[in-house]
Amino acid sequence: MTTATAKPNRQARRKELTRSKLLEAANQIFLDKGVENTTATDIAEAADVAYGTFYNYFKSVDDLVPVAVEEELRNHQVKVKELQNQYDDPAMRVTIGVNTLFKSVMATPAIKWLTQKPAIMADEVARVLAEDAMDDIRNGVDKGDFNIPFDFDTLRTFCIWGITGVLNDLSSKPELLQAVADNMTTIYLRILGISDVKAKKLIEACPRLDQ
């Protein structure tokens with residue numbers, strides 16, 4: 001017997017809509033004023049809700065930021081998967097995942113701000129990005145395309161903290177974004193046993209999210 005999935009009731013839909021409005025308003029204000037200059041009042045007014053409504057969803061602006069970052073990363077990942085799904089080559093899929101990450105998400109004020117809190121940022125990277133990346137790596141190992149130097153759990157931890165550390169550094173050096181993205185892609189491919197010559201070709205052929 002198949003049980004139909006219950007649809008959210010009107011109250012639940014209203015709450016989700018209000019939450020989305022708060023996050024959308026916050027992201028816009030972050031662009032205009034920066035995270036550190038944004039108040040709960042700013043966000044509530046921009047979302048056209050009562051001031052107290054903000055606190056029904058978030059304890060503070062700092063509490064909202066990781067939620068905004070998670071949504072941004074998930075939106076980014078949807079676009080990345082669309083690009084990756086055009087390729088069967090695990091190496092190209094990894095190239096797309098790493099290269100596009102550094103070059104796109106750093107345009108988001110909430111992510112720039114959260115990179116200064118590495119432990120929280122690492123949690124978001126692990127929650128949203130890590131498993132898809134590890135699936136591509138496992139697939140490459142199974143095909144014999146990758147030769148990793150340590151076990152999958154160690155590699156996963158290395159990738160999460162490597163990405164987090166570079167995002168932290170890039171937040172104050174936006175002019176190095178392209179060079180760092182290409183360099184980190186080369187490093188990750190090198191760890192997977194891909195030669196620098198092949199890595200260069202993969203990076204040159206890597207599609208861009210803005211194409």
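Here is a friendly walk through this predicted model, in questions and answers.

Me: How many helices and strands make up the secondary structure of the chain?
Reply: Happy to start there! Read along the sequence, the pattern is α-α-α-α-α-α-α-α-α-α. The C-alpha trace of this chain spans about 55 × 55 × 35 Å along its principal axes. The secondary structure comes to 10 helices and 0 strands.

Me: What percentage of the residues of the chain count as buried?
Reply: Buried here means under 20% relative accessible area. The chain has 211 residues, and the share that counts as buried is 43%.

Me: Which residues touch the most other members of the largest nonpolar core?
Reply: In soluble globular proteins, nonpolar side chains tend to be buried together. In this chain the largest nonpolar core has 62 residues. Its largest share, 9 residues, comes from H7. The members that touch the most others are Ile43, Leu64 and Phe102.

Me: What does Leucine 64 touch, not counting residues up to four places away in sequence?
Reply: Leu64 belongs to the largest nonpolar core. Contact means heavy atoms within 4.5 Å. With residues up to four places away left out, Leucine 64 touches Leu22, Leu23, Ala26, Phe30, Ile43, Phe54 and Phe58.

Me: Why do the buried residues of H10 lie on the same side of the helix?
Reply: Helix H10 covers residues 196-205, and its buried residues are Ala199, Leu202 and Ile203. They lie on the same side of H10 because they cover an arc of only 100° around the axis. On the other side of H10, the exposed residues are Val197, Lys200, Lys201 and Glu204. So the reason is the arc, only 100°.

Me: What is the volume of the largest cavity?
Reply: The count comes to 1 cavity of 30 Å³ or more. The volume of the largest cavity is about 340 Å³.

Me: Which element gives the largest share of the lining of the largest cavity?
Reply: The lining has 25 residues, and Gly97, Val98, Leu129, Ala133 and Ile163 lie nearest the centre of the cavity. Two or more residues each come from H4 (61-84), H5, H7 (118-143), H8 (152-170) and H9. By type, the lining divides into 17 nonpolar, 4 polar and 4 charged residues. The largest share, 8 residues, comes from H7.

Methods. Residues numbered from 1 in each chain as written. Predicted model: local features only at pLDDT ≥ 70, side-chain atom pairs only at ≥ 80, totals over all residues. Heavy atoms only, no water. Buried < 20%, exposed > 50% of the residue type's maximum accessible area, 1.4 Å probe, protein only. Helix = DSSP H or I, 4+ residues; strand = E, 2+ residues; numbered from the N terminus. Arc of directions from axis to C-beta. 1 Å grid on protein atoms, 1.4 Å probe; cavity = no way out; pocket = protein on both sides within 12 Å on 5 of 7 lines; lining within 4 Å. Points joined across faces, edges and corners; volume = space filled by probe spheres on them. Nonpolar A, V, L, I, M, F, W, Y, C, P; charged D, E, K, R; others polar. Core = buried A, V, L, I, M, F, W, Y, C linked by side-chain atoms within 4.5 Å.
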